[in-house]
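These notes are meant for someone opening the structure for the first time. Please read them with the model in view.

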Amino acid sequence: MALDADIFDALIAQLRRFVAERLRPLEAQVEADDAVPAHIIAEMKAMGLFGLSIAPEHGGLGLTMAEEARVAIEMGRTTPAFRSAFGTNVGIGSQGLVIAGSPEQQETWLPRIASGEIITSFALTEPDIGSDSGAVKARAVRDGDVYRLSGTKRYITNADRADLFTVMARTGDDPGARGVSAFLVPRDLPGITIGTPEKKMGQRGAKVADVTFDDVPVPVANRLGAEGEGFRIAMRVLDRGRLHIAVVCVGVAERLIADCVAYASDRRQFGQPIAQHQLVQAMLADSKTEALAARALVLDTAAAKDRGEDVVLESAAAKYYASEMVGRVADRAVQIFGGAGYIADYGIERLYRDVRLFRIYEGTSQIQQLIIARETLKRGG
């Protein structure tokens, strides 16, 4: 159920101020420290950002997808690490529970996820398993009232601070996706090792690391859904996650365009602001047009999802278009800023590096193309 319009508008206004006054001034510090300050995490928890998509009966705000999209656009106007701090709790780290969790599982975990007491993580990718998600090799073998879970997961977002992992593992001999099941795995179970966070091209402050499970005793009660349903659950989780990433891309693009307009209006060459030069205007026009198209697509898809429509195709299209779009916008931004765009002080080169990841995680652009084509063929056009 949507929030009262006045309450939601107040939330957006508060968030906009938070981004402008609290987060943007800290962007260089987050880049340098490779960490989001603890006091900012505490403020995010107090604002309810860790429970955006979780129902009010479990302590969350219970936003619709359309409302969540508006929030994600606002968060896109600052370094992506801030959004990532609570993003797994809102999306891939909690939605398996929301979609397939038993009442007991939801009651146990969701209130603490919504408050930010528990940080979640989604463990699907493996050292040699990425886009082929149904081929996971991690295995969970039933042993009485527990499953013995073994395997390694790679590039797991927020693994360094996660308290609860949603893990995809093979439970049967069925080939491919049919043999995959989903499990809720608390970090404090014996046999779990978290690797050293990776050094990345961008999005510093948002950590990814390997997670190794060595004969971890996962209670049967922690399985999400029935055996063999894990892949289906994962794909439903990723459908929502792709739409969320798409709207973040829109927010980043809008921030980049605003920065470009401000810089181009002030920077003078040949006796006038560079904003008056037509080739600079062409770059601004292309960026604005593409950002508007992406915004329309993601908000329309979010509204369709709230109506209960099948949006597998539209979510893939939104993620594909928006992530590719923001890469082009970031490239043009570097060009408009010229030498200043290549210098760290202006933050444009940082965002240029940050946005590159959007075309890779939660399904590469090429995987989105395959989904779009498959669904288009199924629909007959």
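1. Helices (H or I, at least four residues) and strands (E, at least two) are DSSP runs, numbered from the N terminus. A46 is found in helix α3. The model is predicted: local features need pLDDT of at least 70, side-chain atom pairs count only at pLDDT 80 or more, and totals for chains, interfaces and linings use all residues. Residues are numbered from 1 along each chain as its sequence is written, and side-chain values use heavy atoms, with hydrogens and water left out.

2. Buried means under 20% relative accessible area, exposed over 50%, and partly exposed in between (1.4 Å probe, protein chains only). A46 has 69% relative accessibility and therefore counts as exposed. The C-alpha atoms of A46 and V141 are separated by 40 Å, the two residues being 95 apart along the chain.

3. Helix α3 covers residues 38–47, and its buried residues are I40, I41, M44 and M47. Seen down the axis of α3, these fall within an arc of 120 degrees (taken from the directions from the helix axis to the C-beta atoms), so they line one face of the helix. A38 and A46 are exposed on the other side of α3. After α3 comes G48, whose phi is positive, near 85 degrees.

4. What covers the buried residues of α3? The cover includes α1 (5–23), α4 (65–75) and α5 (80–90), where contact means heavy atoms within 4.5 Å.

5. The axes of α1 and α3 lie 13 Å apart, and the helices pack at an angle of about 175 degrees. Axes are lines fitted to C-alpha atoms, for helices over the stretch in contact, and angles run from 0 to 180 degrees between N-to-C directions. That makes α1 roughly antiparallel to α3, a term for angles over 145 degrees. From α1, the contact is made by Q14, L15, F18, R22 and L23; from α3, by H39, I40, E43, M44 and M47.

6. In strand β4 (residues 164–170), 7 of the 7 residues are buried, so the strand is largely enclosed by the rest of the structure. L164, T166, M168 and R170 point one way from β4, and F165, V167 and A169 point the other way.

7. Two strands pair if DSSP finds at least two bridges between them. Strand β1 (residues 120–123) pairs with β4 in the parallel sense over 4 bridges, with T120 opposite L164. Strand β5 (residues 180–186) runs antiparallel to β4 and is joined to it by 7 bridges; here M168 stands opposite A182.

Technical notes:
Angles under 35 degrees count as roughly parallel, over 145 as roughly antiparallel, 65 to 115 as roughly perpendicular and the rest as oblique.
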